[in-house]
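Visitor: Please take a close look at one part of this model and follow what it connects to. Give the cut-offs for each term as it comes up.

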Amino acid sequence: MHKPIVHFCHGNSFPAGSYQQMFAALEPHYDIRYLDMHGHNPAYPVTANWPHLVQELIDTLEKSYSEPVILLGHSLGGILSLMAASRRPDLVRCVLMIDSPVVTGWRAMFVKVFRALGLLDRYSPAQFSLKRRMIWKDKQEAFEHFSSKDKFAIWPPQVLRDYIDAGMVPHAEGICLKFTREIESQIYMTLPSNLGRIASKGLKVPLGFVGGTESIECRQGGLAATRRLCGEVFVQLPAGHLLPMEIPEKTAEACHQMLQRMLK
């Protein structure tokens, strides 16, 4: 009997290979597959509310699998999974979002209005990603750079090395980030403001949520709609938004337990 297929969708700026430690803990139970990077295929440009990114995921599922699969997504990837499952539930067994708040109501209106005014870059992580350093002389310099940052310092060292291995490509001056800061910023500035329909109608497949109690993103995005959608299939772990990197084994175990509940 083959293991259930999990199609994983990564968070913004983190190629799927960055999640190797979480994958390693899930692989005894699941066949983990993924698209390495969303947002970088010109055939699926990054635009307001991410319709082409959702289509990219749907097209990937149609081309890659002969059966419905589990969608597991972190942050950006969780919302893409939610939106794809809403449009094509026939391709999906269930959806599990990792720290992906479903933004609705006045928060969604805030996103819509500020995007229309061209101000979203000032009130989203784009204000930082637009200035992100891209180039280092080698992997060791990149490791030392990231490990000195509060956000990365709490990651197990191997997780950071996986991110550098998965996220860097050769450059004339050494190595540079594979996930461009322009695409990363554009994804932030085109955040969906149209999730209210999904929140009100729900999904035709099971939906769950694993998040971090210290996640600023969930605090800002609000979790009321997410809780309503997920019901009892909702859990938070003592971690931040990047819990798959901060506590990969515990995140994997929580995801496994959630998936077993949803697949019954």
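Guide: Start with helix α9 (residues 181-189), whose buried residues are Glu-184, Ser-185, Ile-187 and Tyr-188. These residues cover an arc of only 155° around the axis, so they lie on the same side of α9. Helices (H or I, at least four residues) and strands (E, at least two) are DSSP runs, numbered from the N terminus. Buried means under 20% relative accessible area, exposed means over 50%, and partly exposed is in between, with a 1.4 Å probe and protein chains only. The arc is taken from the directions that run from the helix axis to the C-beta atoms. As background, an α-helix has 3.6 residues a turn, so residues three or four places apart point the same way.

This is a predicted model, in which local features need pLDDT of at least 70 and side-chain atom pairs count only at pLDDT 80 or more, while totals for chains, interfaces and linings use all residues. Residues are numbered from 1 along each chain as its sequence is written, and side-chain values use heavy atoms, with hydrogens and water left out.

Ser-13 sits in the loop between β1 (5-9) and α1 (20-26). With a relative accessible area of 9%, Ser-13 is buried.

Tyr-163 leads on to the aromatic rings. Ring pairs link Tyr-163 with Phe-14, Trp-136, Phe-146, Phe-152 and Trp-155 into a cluster. Rings of Phe, Tyr and Trp (its six-membered ring) pair if their centres lie within 6.5 Å; planes under 30 degrees apart count as stacked, over 60 as edge-to-face, and the rest as tilted. By this rule there are 13 aromatic pairs. One of them joins Phe-14 and Trp-155, a tilted pair with 6.0 Å centre to centre and 50° between the planes. Phe-14 is in the loop between β1 and α1, and Trp-155 is in the loop between α7 (150-153) and α8 (157-167), so this pair ties together parts that are 141 residues apart in sequence. Phe-14 counts as buried at 5% relative accessibility, and Trp-155 counts as buried at 5% too.

Another pair is Trp-136 with Phe-146, which is tilted because the ring centres are 5.2 Å apart and the planes are at 45°. Trp-136 belongs to strand β5 (residues 135-136) and Phe-146 to helix α6 (residues 139-147), 10 residues apart. Trp-136 has a relative accessible area of 1% and is buried; Phe-146 is buried as well, at 5% relative accessibility.

Not counting residues up to four places away in sequence, Leu-72 touches Val-6, His-7, Phe-8, Cys-9, Met-22, Leu-26, Ser-81, Leu-96, Ile-98 and Cys-255.

Arg-161 lies over the face of Phe-143, 3.9 Å from the ring centre; the rule asks for NZ of Lys or CZ of Arg within 6 Å of the ring centre and within 35 degrees of the ring normal.

Strand β6 (residues 168-171) and strand β7 (residues 174-177) run antiparallel and are joined by four bridges; two strands pair if DSSP finds at least two bridges between them. Pro-170 has Ile-175 in β7 as its bridge partner. With two residues between them, β6 and β7 form a hairpin.

Technical notes: Contact means heavy atoms within 4.5 Å.
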